[in-house]
Amino acid sequence: MRRVRYYEYGGPEVLTVEDADQPVPQAGQVLLRVEAIGVNFADTRFRRGPGSGSIFQRPLPGRPTGDVVGTVARVGPGVDPRLAGRRVAALAEDAYADYVVAEASWLAAVPDHLDSGDASMLAMSAPVALRILRAAQLNPGDTVLIHAAAGGIGHLAVQLARFLGAGTVIGTARSAHKLDFVHSVGADVAIDYAQPDWPDQVRAAAPGGVDVVLDAVGGPVLQSSLDLLAPFGRAVVYGAATGELEQIPVAKLFALRSVVGFNLTAWRRTAPDLARQEMDEITGLFAAGHLSTTVHADLPLTRAATAHELIEARSHTGRILLSP
Ligand SMILES: NC(=O)c1ccc[n+]([C@@H]2O[C@H](COP(=O)([O-])OP(=O)(O)OC[C@H]3O[C@@H](n4cnc5c(N)ncnc54)[C@H](OP(=O)(O)O)[C@@H]3O)[C@@H](O)[C@H]2O)c1
């Protein structure tokens with residue numbers, strides 16, 4: 001089978017297509033014949049290596065993670081044999097490959113009629129989008145500010161905020177075509193946060209402040225966002241695309257503001273039953289047409305480097321897929 005790994009840190013060109021044996025599922029694992037792989041931003045940072053910041057460190061050889069959609073080809077010891085032949089989605093390691101192993105306990109069942117773009121969101125991206133809104137204790141009518149709203153998780157968070165009854169949804173992104181896209185997925189207001197006056201633009205749209213901020217950008221964007229929170233406002237921090245890990249100034253919290261952190265691994269470990277329940281809930285939302293994924297590019301597996309180039313150019317809207 002073919003597999004993509006990297007043996008040194010660097011640009012997209014270090015991604016190497018190679019022949020490899022099919023992996024063997026161990027206890028608690030399944031082997032998937034891959035239909036599509038959702039490519040995630042974090043793996044472009046892991047691939048860049050030490051300069052990417054402390055949250056983006058992974059050892060060599062680099063084995064990119066991915067949101068894999070596929071069919072169970074084999075089950076490992078202790079796994080229900082009836083899973084064989086099922087179409088599923090999973091967040092997996094060594095994921096840019098024709099065959100991938102995944103943990104059986106975190107598979108999302110994929111309805112047949114769901115396309116591979118939607119299916120690629122079931123295991124990780126959409127559950128994160130839903131959980132960060134719940135971590136923010138979103139109330140109907142709340143004003144919600146979603147940063148990087150044109151991205152993979154961002155464009156789902158906009159739709160989910162709408163679905164859960166948010167009042168005004170404000171999305172930020174860089175570039176005109178991304179702002180059009182943010183509007184098209186349901187935001188009332190789309191703001192270019194590359195403009196220095198973007199916080200004033202948010203204030204104009206939400207004079208009383210925002211009730212919820214979802215941020216995985218970090219740096220000055222996070223700092224300014226704290227100032228935009230209304231009394232009792234909640235910011236959920238779930239990443240730092242800039243690599244800049246901010247100190248949270250306690251003085252800003254005295255104005256009745258809260259900051260909550262989120263990480264999927266910690267969430268699955270701490271509340272596994274609820275995490276699984278939310279994967280099922282997400283599947284139902286896609287199946288019912290309440291959520292949909294925009295696929296920006298669907299590339300052959302051998303063009304993994306192009307997928308990373310698109311993400312690093314910050315040109316993508318929605319999802320980038322690799323298809324073996
Ligand atoms: N906590 C968790 O469990 C968890 C799980 C998965 C992902 N994440 C985080 O969630 C975020 C979204 O993930 P995703 O895979 O859906 O990515 P994505 O949103 O498709 O891509 C990242 C976006 O971040 C924005 N960005 C802001 N500053 C940037 C910078 N300095 N360099 C590059 N991009 C920058 C870009 O949008 P603009 O060009 O519009 O600014 C870019 O499109 C990432 O930060 C990721 O690390 C967290």
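Tutor: Residues count from 1 along each chain as its sequence is written. The model is predicted, so local features need pLDDT of at least 70 and side-chain atom pairs count only at pLDDT 80 or more, while totals for chains, interfaces and linings use all residues.

Student: What radius of gyration does the protein chain have, next to a compact globule?

Tutor: The C-alpha trace spans about 60 × 40 × 35 Å along its principal axes. The globule rule is 2.2 Å times the number of residues to the power 0.38, and the radius is taken over C-alpha atoms. For 324 residues that rule puts a compact globule near 20 Å, and the chain agrees, with 19 Å.

Student: How far apart do the C-alpha centres of domain 1 and domain 2 lie?

Tutor: Domain 1 is 2–120 + 293–323 and domain 2 is 126–266, with bounds from an automatic or database domain assignment. Their C-alpha centres have a separation of 27 Å.

Student: On the side of domain 1 that touches domain 2, how do the residues divide?

Tutor: The contact draws 11 residues from domain 1 and 11 residues from domain 2, where contact puts C-beta atoms, placed from the backbone, within 7 Å. Nonpolar is Ala, Val, Leu, Ile, Met, Phe, Trp, Tyr, Cys and Pro; charged is Asp, Glu, Lys and Arg; the others, Gly among them, are polar. On the domain 1 side that gives three nonpolar, six polar and two charged.

Student: How many residues of α4 are buried?

Tutor: A residue is buried with 20 or more other C-beta atoms within 10 Å of its own, exposed with 12 or fewer, and partly exposed in between, C-beta atoms being placed from the backbone. Across the protein chain, 47% of the 324 residues count as buried. Helix α4 is largely enclosed by the rest of the structure because its buried count is 10 of 12.

Student: What do the buried residues of α4 pack against?

Tutor: Those buried residues include Ile153, Leu156, Val158 and Leu160. Their partners are α3 (125–135), β8 (144–146), β9 (169–173), α5 (176–184), β11 (210–215) and β15 (319–323).

Student: How far does α4 reach from its first C-alpha to its last?

Tutor: It runs over residues 152–163, 12 residues in total.

Student: Is Ser175 buried, exposed or partly exposed?

Tutor: Ser175 sits in the loop between β9 and α5 and has a positive phi of about 95° although it isn't a glycine. With 14 other C-beta atoms within 10 Å, Ser175 is partly exposed.

Student: And Leu256, buried or exposed?

Tutor: Leu256 is another non-glycine with a positive phi, about 65°. Its loop lies between α8 (250–253) and β13 (258–261). It has 10 other C-beta atoms within 10 Å, so Leu256 is exposed.

Student: What is omega for the peptide bond from Leu60 to Pro61?

Tutor: Pro61 belongs to the loop between α1 and β4. The bond is cis, with omega near -5°.

Key: Contact = placed C-beta atoms within 7 Å. Helix = DSSP H or I, 4+ residues; strand = E, 2+ residues; numbered from the N terminus. Expected span 1.5 Å × (residues − 1).
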